[in-house]
Amino acid sequence: VTAGLRHARGTWAVVMDADLQHPPELAAKLVEIGHSRELDLVAATRYQGSGDAGGLSGGVRRSVSGLTTRLAKTLFPRRLSRLSDPMSGFFAIRLAAVNPAKLHPTGFKILLEIAVRQQRLRIAEVPFTFGIRLAEQSKATVREGLRFLHHLLRLRIMVLRQQVKRSSSTAWQQRLARLFAFGLVGLSGVAVNTAVLWLFTQPMNHHYLVAAMLATGFSTTWNFALTELFVFRGEKPGTLFGRGVRFYLVNLLALLLRLPILALLVSVLGIGVLIANVITLALLFLGRFVIADSAIYAKAEVVPAVDRQPMRILVDPGSVVQPAAADPEDQRPQPVAGGRTPATVRRHLPYRYAIDGLITVGSQVPLPELEYFRAQWVGSTVDMAVRVGRVGSSAIRSRALMTQYLSPPAIRYEEHLRRLGANFHVEIGNPIEVVCSPALASSPHVLYTNVIEALLRFLAVSKDKVLLHSACLELGGHGLLLSARTDTGKTGTVLRLIREYGARFLSDDMTILAPDGTATCFPKPLTISHHTLRAVNAGDLTRAEWRRLQLQSRLHSKEGRQFGMLLARLNIPIMGINSLIQRIVPPPKYDVDRLVDATIIRNTAVRDLFVIERDERAVCDIEFTEGIDTLVANTDDAYGFPPFKQMAPSIAIGAADYAQLRRTERSLLEAAMRNIRMRRLGSNSFSWAEDIAELLGASTVPDRQPAPVLPVPVAAV
């Protein structure tokens with residue numbers, strides 16, 4: 001097998017027995033599944049779904065097979081957690097994902113060798129029936145059993161050596177040194193925090209919780225300065241301002257966790273304020289260091305989140321899936337027919353949305369992003385049903401897990417705290433059924449952005465429309481699209497075009513685009529990030545809203561998003577944390593007519609596309625293929641936050657899988673953009689509104705003055 005892997009010239013290789021105990025008709029299916037779902041390894045399993053090990057002759061053979069499987073999974077609980085049948089000799093492997101030079105098998109358990117030595121493989125399992133031997137003799141002799149035990153011993157020693165090497169490496173020693181230095185800085189910060197807390201509680205007589213918040217601001221500034229100078233010396237990632245924002249966000253999150261503990265210690269247990277404050281600071285010290293070392297000041301190469309997130313996919317090409325728990329930590333209840341989680345959910349869907357007669361959504365959770373499409377009645381059936389129910393069991397797990405199913409397609413995401421986490425289960429049928437945990441349902445913005453909108457995107461494709469990540473306006477009779485990467489300045493440009501040039505509004509974030517080039521409105525609330533504040537007129541908001549917006553816009557700005565992406569690569573319940581933060585500090589979302597006198601129109605014929613970028617000021621036409629690539633890339637960028645990358649390959653609607661949906665989406669987009677002029681606008685001064693108005697011959701509206709440039713605090717948090 002290893003010789004074959006070295007000499008194979010294709011993209012995929014299939015390993016199987018030639019005695020017909022492995023059904024040859026399944027070989028092509030293994031490769032097809034691996035290719036369409038962007039996987040590395042697709043293994044045939046006898047122990048999942050409709051799989052059957054009946055071909056093992058006699059009870060002794062079956063017992064030995066089960067014993068060896070349990071022994072291997074016990075010795076390598078993490079590396080084999082996504083394989084229910086590591087002893088299988090039937091699998092397909094993507095050649096680029098495996099290095100034969102690193103394989104040193106003993107005996108014929110080659111899949112075990114690959115799975116243990118190649119940890120980052122994206123794996124799926126396909127149930128199969130192990131056939132009855134028709135001729136010759138089995139290789140499973142006592143000698144092979146001894147070779148198998150020797151093989152397990154060699155692999156276990158190899159793993160132990162790797163662990164010892166990592167734990168004794170120079171990098172680990174340097175981390176301990178940084179931890180010690182961070183601790184010294186933290187002690188000095190505790191002194192500053194305590195002094196300021198005493199000042200505000202004693203001479204100034206403030207409430208101790210208010211004083212704790214003020215003291216945290218002083219000590220955070222002190223700690224950040226010393227951390228920059230003495231802990232993380234030398235070259236640092238990003239800018240000083242960006243690191244400062246992330247440092248303050250970490251301490252803000254720590255403060256939100258400390259305040260309830262401080263209140264408990266002082267008001268319930270009667271401990272003195274200063275002592276209780278020191279206790280709360282000490283409790284969160286290690287967590288702050290881990291985040292600072294791994295996220296804020298991390299210089300190591302970034303590994304895509306999809307490779308760090310444990311993912312198991314169970315694919316049954318010919319029957320309904322009834323998966324058992326392949327992960328030793330996975331104690332979830334078994335799905336019923338169709339992979340649906342048994343959950344106590346109400347059937348009534350009080351919130352109903354009709355998206356331009358294209359897609360209907362019924363939900364038990366209010367979805368503010370779809371409020372424009374709110375309807376009293378959408379018929380007896382909907383395209384998507386969103387319910388709240390139990391997802392996951394009560395057991396706590398060490399890592400988040402994404403599990404995917406086929407026949408019918410389904411996706412399950414479970415975080416560390418299981419039922420208390422931001423979990424969800426999606427069954428992609430007709431209709432699409434989404435069951436979310438109460439923790440996720442309590443933050444509708446996270447639920448919509450990270451789960452529902454990704455599904456709406458491909459539902460639209462199935463109905464021959466494109467849900468494009470772009471703004472859409474009509475200016476001087478011209479329908480125009482504005483496309484940009486996230487947090488470039490698109491929203492500010494939209495507001496200025498409406499206020500100063502009288503543009504009519506269709507959408508700011510997502511636009512429904514038909515193959516004939518007609519755009520339909522999708523007026524989600526606008527997200528006001530930090531750089532967009534310059535386009536907001538403070539007079540349109542109350543004083544409290546304006547002060548709150550300065551904090552919200554910083555937290556939900558580009559720096560906040562990048563910090564969230566860094567945290568997503570750590571082994572933490574990122575969806576749950578995101579839900580909690582957005583409950584405490586809601587995202588700065590406002591309807592367009594709350595910020596500016598806007599006219600919303602239903603549709604327009606698009607004639608121009610402008611791709612705006614932060615660059616030297618320039619205007620140039622874009623070649624057609626490059627323009628399509630840019631639109632697709634900018635749309636994908638909107639879905640970059642986990643767990644979309646993990647769940648995307650399992651999305652299949654009707655007969656079209658994810659790859660086919662992507663191809664259809666591109667062909668629809670090419671048809672729509674065929675007669676639309678595409679131009680790229682560069683600016684480092686946020687002047688895109690003036691540039692677009694000049695190119696389209698629009699003039700300013702006399703009774704609409706530009707928004708005043710307002711001072712924005714450097715560190716709003």
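Start with helix H7 (residues 208-231) and helix H8 (residues 240-268): their axes come within 9 Å and cross at roughly 145°. Axes here are lines fitted to C-alpha atoms, for helices over the stretch in contact, and angles run from 0 to 180 degrees between N-to-C directions. Helices (H or I, at least four residues) and strands (E, at least two) are DSSP runs, numbered from the N terminus. The contact of H7 with H8 involves 13 nonpolar, 9 polar and 3 charged residues. Gly counts as polar in this division.

This is a predicted model, where local features need pLDDT of at least 70, side-chain atom pairs count only at pLDDT 80 or more, and totals for chains, interfaces and linings use all residues. Residues are numbered from 1 along each chain as its sequence is written, and side-chain values use heavy atoms, with hydrogens and water left out.

Now turn to confidence. The chain averages a pLDDT (the predictor's confidence in each residue, from 0 to 100) of 79, and 80% of the residues score at least 70.

Finish at helix H14 (residues 490-501). Its 12 residues reach 16 Å from first C-alpha to last, close to the 16 Å expected at 1.5 Å a residue. The expected span is 1.5 Å times one less than the number of residues. In H14, 12 of 12 residues are buried (under 20% relative accessible area, with exposed over 50% and partly exposed in between; 1.4 Å probe, protein chains only). Gly 502 follows H14, with a positive phi near 70°.
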